[in-house]
Amino acid sequence: MASMDIDDTIAAIASPAGASERGIVRLSGPDTVDCLEKCFTANHDRSLKTQATADAMEGQLHLAADLPLPGRLLLWPDNHSYTRQPSAEFHTTGSAPLLQLALTTFCESGARIARPGEFTLRAFLSGRLDLTQAEAVLAVIDAKDQSDLRLSLDQLAGGLATPLTTIRNDLIAILAELEAQLDFADEDIEFISDSLLLGKLTAASQQLDSIIAQISERHVSEETFTAVLTGLPNAGKSSLFNRLLGESRAIVTNVAGTTTDYVTGELTRSGVTIQLIDTAGVEQIPTIETGSQEIQAFAQTQRGERIERADLCIHCVAADAPIEAFEDLLNTGRSNNAASIVVITQTDRSLATHVQAALAQIDPRSSPVLITSSLTSEGIDQLQETLFQIAIDSQSTDSPIVGSTLRRTSDSLGAAAKSVQLAIQAALAGIGEELVAAEIRHALEHLGCVVGTIYTDDILDVVFGQFCIGK
Ligand SMILES: Nc1nc2c(ncn2[C@@H]2O[C@H](COP(=O)(O)OP(=O)(O)OP(=O)(O)O)[C@@H](O)[C@H]2O)c(=O)[nH]1
Ligand SMILES: [Mg+2]
């Protein structure tokens, strides 16, 4: 981000690229009304300068060649806007060339084209959004699917902001009292007693620790969600594993008992990682085809261990599996507490009627049933979707924060907690209120990196550089 300039007036097309019914051009900055006065006439014909509060009005934008473009203007003449600056949105038909002309018109009337993320940056700088929320705006814009969107919206709705702001305000209050005490040092007035100071610092430290613990819990569950593919030999587990990962990792043959050692791979989407494990087929009777009984026995033990530790069992059943096998399969591997889903594989072959009948007996609320074919890719996307949904649902909802923010937030909060600890030590040692105050100031700086009052150019570059123009 080249500069933190917030005194000029910026403009950008804010609606998505491509033809749509409605297009929006957005403006923000101190000269918004002046700029509009030069190029927009409201149908009510009053000067926009007389507008004291937010309003919507129909009118004409006078494009460069004095072409009138009808549209609706939303105007926030004061600081009650997203950016807390005078702002406006011009809504008109969603034709890309017309929107481009409208943007040019605003620029010729005094605005400049906004850089990516600049509107959100202004909202952040004005204290409208904290950094976790600003990143959530980015994630919402970027969300590729429902699960992404839900996580981002959770974060946007408040996330860490409220508890952290409380801690910050408490620390500011302590700092104010300490500083008053320092200012009046000669007069021997006590603004805050040593025991009260220690009590308040300890409370802040405990609250910070509990937030850090929440975040790291979330971190762990992200890294360790495991889903194990299980089912009879030749059910198509390895084929499904390869298809989900998008590469040929596990060996696939028509020999029953091909997989012996378990094989792992990772599926990752927006900070959520699923460890996928392909295991040996469930052996009722050892297959002669794969030789050594010892290998078979060992493969079965490993399979059992993987299922034992799994967060999710994916029970694979071939569409043409024999009835006994199907019944047996649904009774095995269900002893652990893991969630389970049933995947009917190889559905490019016809679905046997007994399989259909057996499926009807499964309660989809306890085990959703999905239909797939690794050959034609039927149902693979839905299966991916279901896996991520279950992984996300299994994560603690107390810790709503998107993956990209996690590490930086943890680092800043860790540093803040350390400074509060040092402040406590300084207070206990009685080595001077100046040192206690200095550590509290450090803690506030670190907290500010997360809740948005203090910021460094580096962080802002990383966060706001990724936004779309117009956001
Ligand atoms: N037509 C069709 N054949 C499939 C499909 N999936 C797997 N197969 C075939 O079924 C056979 C067994 O597939 P695998 O993926 O090795 O089955 P597995 O469950 O891993 O078998 P084991 O490792 O022996 O337990 C192979 O010949 C595959 O080509 C599918 O979706 N459609
Ligand atoms: Mg296999």
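**Figure 1. Strands β12 and β13 at one end of the sheet.** Strand β12 (residues 339-345) runs parallel to β13 and is joined to it by three bridges. Strands (E, at least two residues) and helices (H or I, at least four) are DSSP runs, numbered from the N terminus; two strands count as paired if DSSP finds at least two bridges between them. Opposite I344 stands I371 of β13. This is a predicted model, in which local features need pLDDT of at least 70 and side-chain atom pairs count only at pLDDT 80 or more, while totals for chains, interfaces and linings use all residues. Residues are numbered from 1 along each chain as its sequence is written, with chains lettered from A and ligands numbered from 1 in the order in which they are written.

Figure 2. Contact between two residues requires C-beta atoms, placed from the backbone, within 7 Å.

Figure 3. Seven of the nine residues of α8 are buried, and the helix is mostly covered. A residue is buried if 20 or more other C-beta atoms lie within 10 Å of its own, exposed if 12 or fewer, and partly exposed in between, with C-beta atoms placed from the backbone. The buried residues of α8 are K237, S238, S239, L240, F241, R243 and L244. Their cover includes β8, β9, β10, β11, β12 and α12. Just after α8, G246 has a positive phi of about 75 degrees.

**Figure 4. The shell around ligand 1.** Ligand 1 is surrounded by 24 residues, the closest being G236, S238, S239, T259 and G281; a residue is near if its C-beta atom, placed from the backbone, lies within 6 Å of the molecule. Helix α8 (residues 237-245) supplies the largest share of this shell, three residues. By class, the shell holds six nonpolar, 15 polar and three charged residues. Ala, Val, Leu, Ile, Met, Phe, Trp, Tyr, Cys and Pro count as nonpolar, Asp, Glu, Lys and Arg as charged, and the others, Gly among them, as polar.

**Figure 5. The largest nonpolar core.** This core has 36 residues, and those with the most contacts inside it are A227, V228, I314, V317 and V343. Two or more residues each come from β8, α8, β10, β11, β12 and α12. β11 gives the most, with six residues. A nonpolar core is a set of buried Ala, Val, Leu, Ile, Met, Phe, Trp, Tyr and Cys residues joined through C-beta atoms within 7 Å.

**Figure 6. N43 in its loop.** N43 lies in the loop between β3 (40-42) and β4 (55-62). N43 counts as exposed because it has 11 C-beta neighbours inside 10 Å. Apart from neighbours within four places in sequence, N43 contacts M57, E58 and G59. N43 and M57 are 14 residues apart along the chain, with their C-alpha atoms separated by 7.4 Å.
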